[in-house]
Amino acid sequence: MSEDLATIDVPDAVRRYLRAHTAGDLPGAAATFTPDATVTDDGGTHQGISAITDWLGRTSTEYTYTTTLVGAEREGADRCTVTRHLEGDFPGGTVDLHYCFTLDQGLISRLDIAP
């Protein structure tokens, strides 16, 4: 992966999530979410830490891919969007994904991932 997460202006929980997810640290990634958080990705919705941990496990093993940070934008103190370019063995082979984060008291309460 060619991402320098230290240089982007995002909340700490988002930076910790991105680092943990990239490293395959599922407990570390899950720890950045509120207990009742919701993730929407690839047509599915996953609510609560257990469902999010299951989703993290599937997304980290289903396909092999690399990511490149395209950009990040803050939308206030509790919202930001991170855009990453993925290349791999998933259908289509390449995609730019927008990770739209909403935070509550310093943790991720909602994550919507879409092209």
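**View 1. Cys80, a buried cysteine.** Cys80 has a relative accessibility of 0% and therefore counts as buried (buried means under 20% relative accessible area, exposed over 50%, and partly exposed in between, with a 1.4 Å probe and protein chains only). The model is predicted: local features need pLDDT of at least 70, side-chain atom pairs count only at pLDDT 80 or more, and totals for chains, interfaces and linings use all residues. Residues are numbered from 1 along each chain as its sequence is written, and side-chain values use heavy atoms, with hydrogens and water left out.

**View 2. Cys80 and Cys100, without a disulfide.** A disulfide is a pair of cysteine sulfur atoms within 2.5 Å. By this rule, the count is 0 disulfides. The cysteine sulfur nearest to that of Cys80 belongs to Cys100 and lies 8.7 Å away, and Cys80 is in no disulfide. Cys100 is likewise in no disulfide. Cys100 counts as partly exposed because its relative accessibility is 27%.

**View 3. Val82 in strand β4.** Val82 belongs to strand β4, which covers residues 79–88 (helices, H or I of at least four residues, and strands, E of at least two, are DSSP runs numbered from the N terminus). With a relative accessibility of 0%, Val82 is buried. Contact means heavy atoms within 4.5 Å. Leaving aside residues up to four places away in sequence, Val82 touches Val10, Val14, Leu18, Leu69, Gly71, Ala72, Leu97, His98, Tyr99 and Phe101. Val82 and Phe101 are 19 residues apart in sequence, and their C-alpha atoms are 8.1 Å apart in space.

**View 4. The chain as a setting for these residues.** The secondary structure consists of 3 helices and 6 strands, in the order α-α-β-β-α-β-β-β-β from the N terminus. The radius of gyration is 13 Å, close to the 13 Å that the globule rule gives for 115 residues, so the chain is as compact as a globular protein of that length (the radius is taken over C-alpha atoms, and the rule is 2.2 Å times the number of residues to the power 0.38). Along the principal axes, the C-alpha atoms fill a box of roughly 35 × 30 × 25 Å. Of the 115 residues in the chain, 41% are buried. Among contacts with a separation of 6 or more, 40% join residues 24 or more positions apart.
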